[in-house]
Amino acid sequence: MKTTEAILIALYLLLGSWQGDLHAQARVETATQGSLALKWLGNAGWEIQIGQTIILIDPFLTRGEANLGAEWKTDEAAVLKAIQRADYIFAGHSHADHIADLPFIAKKLGSKVIGSRTTTNIALTAGVDKSQLVTISGGEKLDFKGFSVQVVESEHGELKRRGGKRRPKFEEITKPWSGPILGSSFVEGGCYLYYFTFGKLRLLHQSSGGFIEDNLTNLRSDIALLYPLDRNDSATILKALQPQTVYVHHFDEWRNSILEGIPESNSRRAQRFARDVNAIDKQMGTNLATRVDWIQEW
Ligand SMILES: [Zn+2]
């Protein structure tokens with residue numbers, strides 16, 4: 001199977017799954033460790049199950065815009081409907097739609113948290129135990145039981161604001177405080193790509209639409225979980241990663257309930273990305289195979 005076909009199959013199966021439930025799941029055979037299951041949680045959120053280990057990345061199940069001046073409240077029922085166990089939670093950056101549910105999950109399920117100092121300071125403030133926190137700043141290579149992760153410094157994508165496009169202002173939280181955690185507490189705090197190695201399978205997660213091109217060297221990935229914001233950027237990252245399979249995320253309307261599904265305009269954006277990928281692949285002329293089976297019930 002050609003790369004393009006693999007990518008499109010994955011993408012369209014994901015599109016198909018929108019009809020019933022935003023959550024979708026894929027199983028990939030790894031060379032050395034058997035089955036790896038991927039479950040999309042909406043927005044940039046994923047659950048990866050490898051053996052008995054559950055890894056979450058940017059899980060955000062509450063959905064909805066955080067009220068900047070009010071205390072943040074996680075929708076605990078919505079979180080627990082999707083997540084029952086979590087050994088690790090990786091945070092790509094610290095905006096609310098990526099980490100606002102992280103403290104609740106970490107406290108409830110005892111998960112280890114890996115994120116910037118902004119993320120870990122917010123977690124500490126929320127009452128997550130210090131022993132659960134690993135603060136990263138880019139460049140680390142972390143080894144865990146059964147997998148390893150390279151932390152790659154990245155950039156936030158440019159967002160449309162008042163007719164122009166620009167990156168959100170960079171802000172950090174450098175120490176915990178007495179609380180409460182407000183909607184405005186979730187500042188960016190730096191953006192990171194996580195490059196996982198599971199046996200021989202390599203998987204990259206992009207939390208926001210930006211990246212630092214020089215940092216993409218040697219990040220060839222079997223699976224890429226990408227946030228496609230800009231056509232040219234997508235071409236650059238795909239050429240660097242040469243993935244066999246791409247799953248796009250962060251195109252659903254995370255401000256709305258998961259029950260409302262994905263707006264038509266967002267679906268069209270994802271389809272446009274699929275066509276772009278197709279064009280890029282023809283230029284690359286690669287010929288790789290992939291094995292992905294989708295399970296839409298879980
Ligand atoms: Zn963001």
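This is a short chat about the predicted model above.

Me: What am I looking at, and how are residues numbered?
Reply: A predicted model, where local features need pLDDT of at least 70, side-chain atom pairs count only at pLDDT 80 or more, and totals for chains, interfaces and linings use all residues. Residues are numbered from 1 along each chain as its sequence is written.

Me: How many helices and strands in the protein chain?
Reply: 7 helices and 16 strands. These are DSSP runs numbered from the N terminus: helices are H or I with at least four residues, strands are E with at least two.

Me: How much of the chain is buried?
Reply: 45% of the 298 residues. Buried means 20 or more other C-beta atoms within 10 Å of the residue's own; 12 or fewer is exposed, in between is partly exposed, and C-beta atoms are placed from the backbone.

Me: Which residues have the most contacts inside the largest nonpolar core?
Reply: Leu 56, Ile 89, Ile 105 and Tyr 194, in a core of 74 residues. Strand 12 (residues 191-198) gives the most to this core, 7 residues. A nonpolar core here is a set of buried Ala, Val, Leu, Ile, Met, Phe, Trp, Tyr and Cys residues joined through C-beta atoms within 7 Å.

Me: What does Leu 56 touch, beyond its neighbours within four places in sequence?
Reply: Glu 47, Ile 83, Ala 86, Tyr 88, Ile 89 and Ile 105. Contact means C-beta atoms, placed from the backbone, within 7 Å.

Me: Ile 105 sits in helix 4, then. Which residues there are buried?
Reply: Leu 102, Pro 103, Phe 104, Ile 105 and Ala 106. The buried residues of helix 4 pack against several elements, including strand 4 (53-57) and helix 5 (117-125). Just after helix 4, Gly 110 takes a positive phi of about 70°.

Me: And helix 5, mostly covered or mostly open?
Reply: Mostly covered, with 7 of its 9 residues buried. Its buried residues pack against helix 3, helix 4, strand 6 and strand 7 (133-135).

Me: New topic. Which residues cover the two faces of strand 14?
Reply: Ile 223 and Leu 225 lie on one side, Ala 224 and Leu 226 on the other, and all are buried.

Me: What does strand 14 pair with?
Reply: Strand 13 (residues 201-206) runs parallel to strand 14, joined by 3 bridges. Strand 15 (residues 245-248) also pairs with strand 14 in the parallel sense, over 4 bridges. Pairing takes at least two DSSP bridges.

Terms used:
Contact = placed C-beta atoms within 7 Å.
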